[in-house]
Amino acid sequence: MKTLKRSLPGRRLLLTAALAVLALTGLAARPAAAEELAKNLFGAKKLPAVAAPQSIGFYSKGCFAGGVAIPLDGPKWEVMRPSRNRRWGHPTMIALIEKLSRDAAADGWPGLLVGDISQPRGGPMLTGHASHQIGLDADIWLTPMPDRKLSLEQRENMSATLLVDEKTHLVKDALWVPAHMRLLKRAASYAEVERILVNPGIKKKLCDTVKGDRAWLRKVRPFWGHDYHFHIRIGCQLGSPNCKAQENTAPGDGCDQSLAWWFTEEPWRPNKNPDRPKARDVMTMASLPAACQAVLDGPDPASAEAVTYYGDGVPVAAAPVLTKAPAPARASASGAAALPASVNAFAATPEIGIPLPRPRPGN
Ligand SMILES: [Zn+2]
């Protein structure tokens with residue numbers, strides 16, 4: 001009896017404790033989810049969110065829906081490091097890379113080695129890059145495409161050519177060719193492109209050697225890194241009301257004190273707080289625009305192939321059978337002409353649910 005008497009309050013205590021734990025777990029569920037690192041959530045997504053193309057937030061703090069992939073191979077491009085699954089972007093970005101590959105080839109550049117664009121739904125990445133989060137940034141190697149198809153293994157392991165001397169921050173003249181200049185000029189020539197980021201040494205090389213038309217140099221901005229690839233950034237596209245535009249570049253060709261600063265000691269001082277975590281390593285869903293949660297929760301397409309953008313007027317996929325046509329999402333005025341209508345055919349509408357794209361004909 002003594003045992004029973006003692007155990008009764010004991011049991012009650014246990015029950016109370018159990019209830020308290022349950023209540024706590026229930027209460028804690030939401031804050032815990034909100035505190036999950038955004039890079040883990042976005043980094044885990046294998047496919048984009050089916051929706052009209054839309055960039056949300058800023059280049060270094062956002063996400064995007066309705067992304068499409070650039071094919072691993074094109075007539076004039078090859079995607080590098082495919083295992084990273086960062087060949088996704090806003091359709092205008094993907095169309096632009098494909099166009100650049102053709103135009104650059106006409107200028108004498110054999111083809112593009114395409115580096116990182118974005119994760120399928122953007123967001124912060126597990127490694128590398130502060131930006132590339134809203135589908136409007138792309139890295140292109142400064143190494144020309146070889147005249148053979150690279151194997152998957154080569155694409156993972158091949159090193160890019162470092163064009164800049166890390167001590168002097170000047171371009172290695174033995175490696176620099178006029179075709180590099182023409183490639184950067186071509187990339188800067190598109191209206192959608194707002195900035196091209198290159199190593200200060202490359203900017204200086206352009207400042208020192210470009211003759212005639214120098215207006216395009218305004219878009220080419222010096223930045224750390226970018227010595228084996230350059231970075232193309234396009235502006236916010238129509239249909240993305242929550243896309244935050246970047247500041248305009250300063251007028252002029254940028255071959256001034258702003259460039260000279262890069263050749264002082266100041267930009268290269270060792271980081272005083274090397275252990276301070278990077279923004280992407282602390283960002284939670286609460287740090288991102290609220291709409292990014294819906295992007296994260298959005299439905300997958302049928303396959304990556306179904307949302308791969310082939311350009312050249314060839315539809316992404318056969319048009320799905322619709323009972324009611326979805327309102328076409330708009331790209332920028334210049335981008336719209338380059339986009340097949342079916343790029344936007346993945347937009348979900350409540351009336352028809354999610355159209356299931358079929359594979360591209362003949363592929
Ligand atoms: Zn980049």
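Predicted model: local features only at pLDDT ≥ 70, side-chain atom pairs only at ≥ 80, totals over all residues.
In which sense do strand 1 (residues 54-58) and strand 2 pair, and over how many bridges?

View 1. Residues are numbered from 1 along each chain as its sequence is written. Strand 1 and strand 2 run antiparallel and share five bridges; strands count as paired if DSSP finds at least two bridges between them. Strands here are DSSP runs (E, at least two residues), and helices are runs of H or I with at least four, both numbered from the N terminus.

**View 2. Strand 2 is tucked inside.** Five of the five residues of strand 2 (residues 61-65) are buried, so the rest of the structure largely encloses it. Buried means that 20 or more other C-beta atoms, placed from the backbone, lie within 10 Å of a residue's own. Lys-61, Cys-63 and Ala-65 point one way, Gly-62 and Phe-64 the other. In a regular strand, side chains alternate between the two faces of the sheet.

**View 3. Zooming in on Cys-63.** Leaving out residues up to four places away in sequence, Cys-63 touches several residues, among them Phe-42, Ile-56, Leu-288 and Val-295. A contact means C-beta atoms, placed from the backbone, within 7 Å.

Conventions
Buried ≥ 20, exposed ≤ 12 C-beta atoms within 10 Å, placed from the backbone. Contact = placed C-beta atoms within 7 Å.
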